[in-house]
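Please look through the fold of this protein chain with me, beginning with the order of its elements and ending with one residue and its surroundings.

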Amino acid sequence: MLESIDAMSSDALPALPRRLDAAEPCAAVDYGIVASALLSEVLGALAARHLVDRLGRRLTLAACFALAALGVLALAAPEYVASLDPLSRDALVVAMMTSRGALYGADAVATVFVAEMHGTESRFAALAVAYAAARLGGLVSASWVVSPNPLSTVSLLVTLVNVSAAWAALAMPSETALAPLDGAEPPPPKLPPPQAPAPPAPG
């Protein structure tokens with residue numbers, strides 16, 4: 001879905017060039033938007049790193065997808081709620097970068113989650129399938145953006161995908177936070193504190 005966020009950014013922010021021309025000067029590129037995108041990914045990864053062992057894999061993954069859904073829904077809300085004014089360019093940037101950062105965090109958590117749910121023999125295959133599925137989903141969602149559908153409709157579709165992903169994360173049958181991987185030594189059990197020796201009985 002990161003691909004769809006990139007494509008929607010081009011539609012929602014008309015000041016950005018859709019395609020870079022080799023003869024175009026570098027000043028035509030809005031490097032502030034590029035820096036914002038990179039910063040949002042770093043912040044998303046750091047937030048996921050902070051929460052993944054505290055909230056658990058499932059809840060952190062669901063929270064990331066829910067936050068991504070809210071960011072994308074902000075694009076469609078003014079179209080369907082008459083009392084809302086269209087978002088300013090800065091507000092659009094914040095909404096899109098929020099979604100991008102949340103999706104980047106979700107991608108990091110999902111990678112850890114998939115790896116921990118599979119044994120050594122099938123771990124690489126599981127990660128490869130998950131990566132391929134994510135890229136295929138990115139192509140599909142990006143095709144929605146470049147289709148004749150209005151941006152508000154595409155935003156609702158991407159929001160629905162994010163909400164479905166959040167629900168699927170909560171429905172996962174197991175939680176792997178703090179669980180040892182196969183072949184790893186489990187943490188030693190906590191021993192009770194040593195007791196003081198009993199005083200000798202009076203003679």
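Read from the N terminus, the elements of the protein chain follow the order α-α-α-α-α-α, so that its secondary structure amounts to six helices and zero strands. Helix α3 (residues 57-80) has the highest mean, at 86, whereas helix α1 (residues 2-12) has the lowest, at 48.

The stretch that calls for caution is residues 3-24, over which pLDDT stays under 50, although the model does give this stretch 43 contacts beyond four places in sequence. Where pLDDT is low, the predicted coordinates should not be read in detail.

Taking the chain as a whole, 31% of its 203 residues count as buried, and its accessible surface comes to about 12,700 Å², of which carbon and sulfur atoms account for 69%. Of the contacts between residues at least 6 apart in sequence, 80% join residues that are at least 24 apart.

Helix α3, where the mean confidence is highest, also holds Thr-60. Is this residue buried or exposed? Thr-60 counts as buried because its relative accessibility is 1%, and the cut-off for burial is under 20%. Leaving aside neighbours within four places in sequence, Thr-60 is in contact with Ala-48, Leu-51, Val-52 and Leu-55, and also with Val-109.

Note on methods
Residues are numbered from 1 along each chain as its sequence is written. This is a predicted model: local features need pLDDT of at least 70, side-chain atom pairs count only at pLDDT 80 or more; totals for chains, interfaces and linings use all residues. Side-chain values use heavy atoms; hydrogens and water are left out. Helices (H or I, at least four residues) and strands (E, at least two) are DSSP runs, numbered from the N terminus. Buried means under 20% relative accessible area, exposed over 50%, partly exposed in between (1.4 Å probe, protein chains only). Contact means heavy atoms within 4.5 Å. Accessible areas come from the Shrake-Rupley method with a 1.4 Å probe; for residues, only the protein chains shown count as cover. pLDDT is the predictor's confidence in each residue, from 0 to 100.
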